Amino acid sequence: MLLEIIFYIFASILICASLGVILFKNPVYSAVSLILAFITTGMLWLLLEAEFLAIVLVLVYVGAVMVLFLFVIMMLNIHQEEEKSGFTKIAPIAIFLGLVIAAELIALYWIQSDQFSGLESISNSSLSVDNTLLLGTELFTKYILSFEIAGFILLLAIIVSISLTLRTRKNVKKQIASDQIAADPKQRVRMVDIKRGGN
Amino acid sequence: MLSLQSYLTLSAIIFSIGITGIVINRKNIIIVMMCTELLLISVNFNFIAFSHFMQDLAGQIFVFFILTVAAAEAAIGLAILVALYRNKKSISVGDLNKLRN
């Protein structure tokens, strides 16, 4: 009973927060609302006993991705006036589309409910194994290739995002390493015969 | 007792809110990217719910990889957005018809 109360409280917070993401005019409010949605999702994942992923969600998304979003929003300096336009014309179609998708999915789940009848919530807490250990064991044995590919994708993301946003100004006196390495010492020192003066 | 359907229903509601946000939004690409994050989170919700109710850890592994790829996608998307804003001084969806001609 307590579990259901917690679930419904967090579910309503999650729905309100995700509605706030699409309804706020100011993108900063949308980003903060999305942060609330992520934290609430983490709480709901704790109910489903996915403790490691819940913590990872809060750390990675709230700590890194949403901070990046907020930085970009504040860096771009969007004017408030031009945001008002273009919200009304397509809104009925969009709301209709969303309602149709939600109705289809929910009807599918509840009409076919006998498909789910065998699945029950079994708590792992009596088994005295922790979620992180199980997840790590699977990840480092069975899915090791995918894990390394994921690391490579992250490296790729670093390189791509730096190279996209890197901007080099002109007339900056900085070192160019390739020119320095390619320099030939024979061209740098020139021996000049100086006629000896004096007697 | 909480059934699997209640989790799936919540995930479906979040998914449809994300779809609505993508379609309704014609002014700001950042909001569209946030709605993409909402879609990803609802799909991850489905994975975790099935993983819990079927006692199978593969769902959580998949969520781990989806989180990785989503973080990379957000970083690259925001980098593209910054480069775009530098060139066009606008991030409106309606202004992005440069590729048309």
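**Entry 1: the model.** I noted at the outset that this is a predicted model.

**Entry 2: the fold of chain A.** I looked up the secondary structure and found eight helices and zero strands in chain A. Reading from the N terminus, I wrote the order down as α-α-α-α-α-α-α-α.

**Entry 3: the spread of chain A.** I wanted to know how spread out chain A is, and its radius of gyration came to 29 Å. The globule rule gives 16 Å for 199 residues, and the value for chain A is well over that, so this chain is more spread out than a compact globule. Along the principal axes, I found that its C-alpha atoms fill a box of roughly 115 × 55 × 25 Å.

**Entry 4: the domains.** I checked the domain assignment of chain A, which gives domain 1 (1–77) and domain 2 (130–168). Over C-alpha atoms, I have the centres of these two domains of chain A separated by 22 Å.

**Entry 5: the interface.** I turned to chain B and saw that 67 of its residues are in contact with 79 residues of chain A. The area buried between the two chains is about 7,000 Å², and carbon and sulfur atoms give 80% of that. I looked for salt bridges across this interface and got zero, while polar contacts turned up in six residue pairs.

**Entry 6: the chain B side.** I listed α1 (4–24), α2 (29–53) and α3 (58–88) of chain B as each supplying at least two residues of the side that touches chain A. With 23 residues, α3(B) gives the most. Sorting that side of chain B by class, I got 49 nonpolar, 14 polar and four charged residues.

How values were computed: Residues are numbered from 1 along each chain as its sequence is written. Chains are lettered from A and ligands numbered from 1 in the order in which they are written. This is a predicted model: local features need pLDDT of at least 70, side-chain atom pairs count only at pLDDT 80 or more; totals for chains, interfaces and linings use all residues. Side-chain values use heavy atoms; hydrogens and water are left out. Domain bounds come from an automatic or database domain assignment. Contact means heavy atoms within 4.5 Å. Buried area is the accessible area (1.4 Å probe) that two parts lose on being put together, summed over both. A salt bridge is a side-chain nitrogen of Lys or Arg within 4 Å of a carboxyl oxygen of Asp or Glu. A polar contact is a pair of N or O atoms within 3.5 Å; within protein, one must be able to donate a hydrogen and the other to accept it, and residues adjacent in sequence count only if both atoms are side-chain atoms. Helices (H or I, at least four residues) and strands (E, at least two) are DSSP runs, numbered from the N terminus. Ala, Val, Leu, Ile, Met, Phe, Trp, Tyr, Cys and Pro count as nonpolar, Asp, Glu, Lys and Arg as charged, and the others, Gly among them, as polar. The radius of gyration is taken over C-alpha atoms; the globule rule is 2.2 Å times the number of residues to the power 0.38.
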